[in-house]
Amino acid sequence: MPSSQPSPFRHTTVLLEQTVAMLLGVKNLDDIAKASVSGVYVDATFGRGGHSRLLLEYLDSAATLVVFDKDPEAIAHAHALANDDARIKVVHDSFANLCQNLQTLGIDKVDGLMADLGVSSPQLDDGTRGFSFMRDGAVDMRMDTTRGEPVSAWLERVSADELADVLYEYGEERHSRKIARAIKQMPSYHSTLELAEVIKQAHPNWQKGKHPATQSFQAMRIFINNELGDIDEFLAQSIQVLKAGGQLALISFHSLEDRRIKQFLQRHSRGQYEEDAHLPIAPKRPKYFGKPSRIAPSDHEIKQNPRARSAWLRGAKRSDVAYDGDAQLTQN
């Protein structure tokens, strides 16, 4: 059980200034004065608070920042920050329950919503959490260690075929069948290093410079935490909670996340839906967002923080139209 005290593991925030600028609706933070912005903002993945801390510098004393996280250790850091700043409200829950938690706080609409998806550096660096194939620890991988089952318990009961499907779907692992059979032959699942070694031995071919267990560990982590399902729920709810002119800013680190965000923003900025493709005359659909934008980390940032190399920042502004249920566009 993790301590309620903040852990010592450090995290270098990716796309820090770009994300906060996008959230505040400016191209560059130099375009806006500090302590000048009011309103309600949400950091849906607080982590170690890098984005939140910078955002707070630009929010005035009347503003509110709601921070979410599944991870109890991240929540300990959030409470430590909130103890010194009355503008912060802390929610220990998945962002998939965004609307429910905001309603509990008496918040209907927000001015900005950001999320930094996937696993964090402290989770990877702390071997006891089970996310890393480079450090030994229990095969856990839960972001919220207070609920759900660890990967080790799931591996005990899952079939080889089901495991292979997970490795292929969530890790895009081409050799999923062979790897799954090898994993199921293990006598126990108590060590991440032992699991990684079994995957390595079973993997017939892997990319140079990339550990052969990378995709399998990613797949098991995504599955056990329902990460993609949570993202889908969160994206759908973002339409409801963002006020007209509100900004959405999302950082992703792998194609499964990024593809979902990209398609969501394209669909809701164009008003084009797949289910209408076969219709001779498509119904008029709302355009919930303006033109999406995309930002990649600079070469300098990647050099300073190699974990930023796969990151993408995507976002858009909530439009001033809403769907009234009868395929009509109405003003918000």
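Student: Which residue is the bridge partner of Tyr41 in β4?
Tutor: In this predicted model, Tyr41 has Gly112 as its bridge partner in β4. The two strands concerned, β1 (residues 40-43) and β4 (residues 110-116), pair in the parallel sense over three bridges.

Student: And what does β1 pair with besides that, say β2, and over how many bridges?
Tutor: β1 and β2, the latter covering residues 64-69, pair in the parallel sense over four bridges. Val40 stands opposite Thr64 in β2, and Val42 has Val66 as its bridge partner in that strand.

Student: Which way do the β1 side chains point, and are they buried or exposed?
Tutor: Val40 and Val42 point one way from the strand while Tyr41 and Asp43 point the other way, and all of them are buried. As a general point, side chains in a regular strand alternate between the two faces of the sheet.

Student: What about the residues of β2, buried or exposed?
Tutor: Six of the six residues of β2 are buried, so this strand is largely enclosed by the rest of the structure. Thr64, Val66 and Phe68 point one way, and Leu65, Val67 and Asp69 point the other way.

Student: OK, what do β1 and β2 make together with α2?
Tutor: β1, helix α2 (residues 50-58) and β2 make a right-handed β-α-β unit. Seven of the nine residues of α2 are buried, so the helix is largely enclosed by the rest of the structure. The buried residues in α2 are Gly50, His51, Ser52, Leu54, Leu55, Leu56 and Tyr58.

Student: Zooming out, what is the strand order in the open sheet?
Tutor: The open sheet has seven strands in the order β3-β2-β1-β4-β5-β7-β6, and its pairing is mixed. The strands at the edges are β3 (88-92) and β6, each of which pairs on one side only. From one strand to the next, the twist averages 15°.

Student: Which helices pack on it?
Tutor: Among them is α3 (residues 72-82), which touches β2 and β3 and whose direction makes about 165° with that of β3. Helix α11 (residues 227-241) also packs on the sheet, where it touches β4 and β5, and its direction makes about 155° with that of β5.

Student: How many bridges are there between β4 and β5?
Tutor: There are six bridges between β4 and β5, which pair in the parallel sense, and Val110 has Leu242 as its bridge partner in β5.

Student: Switching to α1, which of its residues are buried?
Tutor: Helix α1 covers residues 16-24, and its buried residues are Thr19, Val20, Ala21, Met22, Leu23 and Leu24. What covers those buried residues includes β1, α2, β4, β5 (242-252), β6 (293-295) and β7 (312-317). The helix is followed by Gly25, whose phi is positive, near 75°.

Student: Where is Leu15, and what is its phi?
Tutor: Leu15 lies in the segment before α1, and its phi is near 50°, a positive value in a residue other than glycine. Leu15 counts as buried because its relative accessibility is 0%, and the cut-off for that term is under 20%.

Student: What is the phi of Glu172, and where does that residue sit?
Tutor: Glu172 has a phi near 50°, again a positive value in a residue other than glycine, and its place is in the loop between α7 (160-171) and α8 (176-184). With 37% relative accessibility, Glu172 counts as partly exposed.

Student: What is Glu301 in contact with, leaving aside neighbours within four places in sequence?
Tutor: With those neighbours left aside, Glu301 is in contact with Thr13, Val14, Leu15, Gln18 and Ala308. Leu15 in that list is the residue with a positive phi near 50°, in the segment before α1.

Note on methods: Residues are numbered from 1 along each chain as its sequence is written. This is a predicted model: local features need pLDDT of at least 70, side-chain atom pairs count only at pLDDT 80 or more; totals for chains, interfaces and linings use all residues. Side-chain values use heavy atoms; hydrogens and water are left out. Buried means under 20% relative accessible area, exposed over 50%, partly exposed in between (1.4 Å probe, protein chains only). Two strands pair if DSSP finds at least two bridges between them. A crossover is right-handed if, with the strands pointing away from the viewer, the path from the first strand over the helix to the second runs clockwise. Contact means heavy atoms within 4.5 Å. Axes are lines fitted to C-alpha atoms, for helices over the stretch in contact, and angles run from 0 to 180 degrees between N-to-C directions.
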